[in-house]
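Student: I'd like to learn how to read the inside of a protein model. Can you walk me through one?

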Amino acid sequence: MIGMVADTNVFLSGIFWKGNFSSQIIDLWRNRKINLISSIPIIDELTKNLKSFKIKMDEDSVQEWKNIILENSLLVEPEEEINIVKDDVDDNKFIEAAVTGKADYIITQDNHLLKIKEFRGIKILTPKEFLEIVKMNFKYD
């Protein structure tokens, strides 16, 4: 099964706007068609962003999303500090989790990550690009 790390922006877009590419990726993951690889720093960033996002989410819903991710992802503790994203060093946590979890893809809408394109065989794609690959290679409903 495909393993991927999803950037915080994919979750924000997919949670708050249904039907877009990001929400389709979240649906694939929640329906166990793809594996999500995550880490505590990634989950902490998402939790913080859900609480402060322009569309308000109540504390219970934030906690529910945190629990869903904790319970339904491969949670890794990065084994190596990687400093490949020079323009936004905070984004390196996505690459560190992907390397440790042996992900196939990092899915993001962040240009700092997208311009890297690939790192140690892990492709860095937009949600749309990722879905095109999934649709080409796998059948899903």
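Tutor: Buried is under 20% relative accessible area, exposed is over 50% and partly exposed is in between, using a 1.4 Å probe and protein chains only. Keep in mind that this is a predicted model, where local features need pLDDT of at least 70 and side-chain atom pairs count only at pLDDT 80 or more, while totals for chains, interfaces and linings use all residues. Residues are numbered from 1 along each chain as its sequence is written, and side-chain values use heavy atoms, with hydrogens and water left out.

Student: Where is Ile106 found, and which residues is it in contact with?

Tutor: Ile106 is in strand S4; strands (E, at least two residues) and helices (H or I, at least four) are DSSP runs numbered from the N terminus. Contact means heavy atoms within 4.5 Å. Leaving aside neighbours within four places in sequence, Ile106 contacts Val5, Phe94, Ile95, Ala98, Ile122, Lys123, Ile124 and Leu125.

Student: And how should I think about cores?

Tutor: In soluble globular proteins, nonpolar side chains tend to be buried together. A nonpolar core here is a set of buried Ala, Val, Leu, Ile, Met, Phe, Trp, Tyr and Cys residues joined through side-chain atoms within 4.5 Å. The largest one has 30 residues, and Met4, Phe11, Trp29, Leu50 and Phe130 have the most contacts inside it. H1 gives the most to this core, with 5 residues. Apart from it there's another core of 19 residues, including Val76 and Leu113.

Student: Which residues of H7 are buried?

Tutor: In H7 (residues 127–137), they are Pro127, Phe130, Leu131, Ile133 and Val134. Looking down the H7 axis, these buried residues fall within an arc of 160 degrees, so they line one face of the helix. That arc is taken from the directions from the helix axis to the C-beta atoms. Their cover includes strand S1 (3–6), helix H1 (8–16) and helix H2 (21–30).

Student: At what angle do H1 and H3 pack?

Tutor: About 45 degrees, with the axes of H1 and H3 10 Å apart. Axes are lines fitted to C-alpha atoms, for helices over the stretch in contact, and angles run from 0 to 180 degrees between N-to-C directions. H1 and H3 are therefore oblique to each other: under 35 degrees is roughly parallel, over 145 roughly antiparallel, 65 to 115 roughly perpendicular, and the rest oblique. Thr8, Phe11, Leu12, Ile15 and Phe16 in H1 meet Ile42, Glu45, Leu46, Asn49 and Leu50 in H3.
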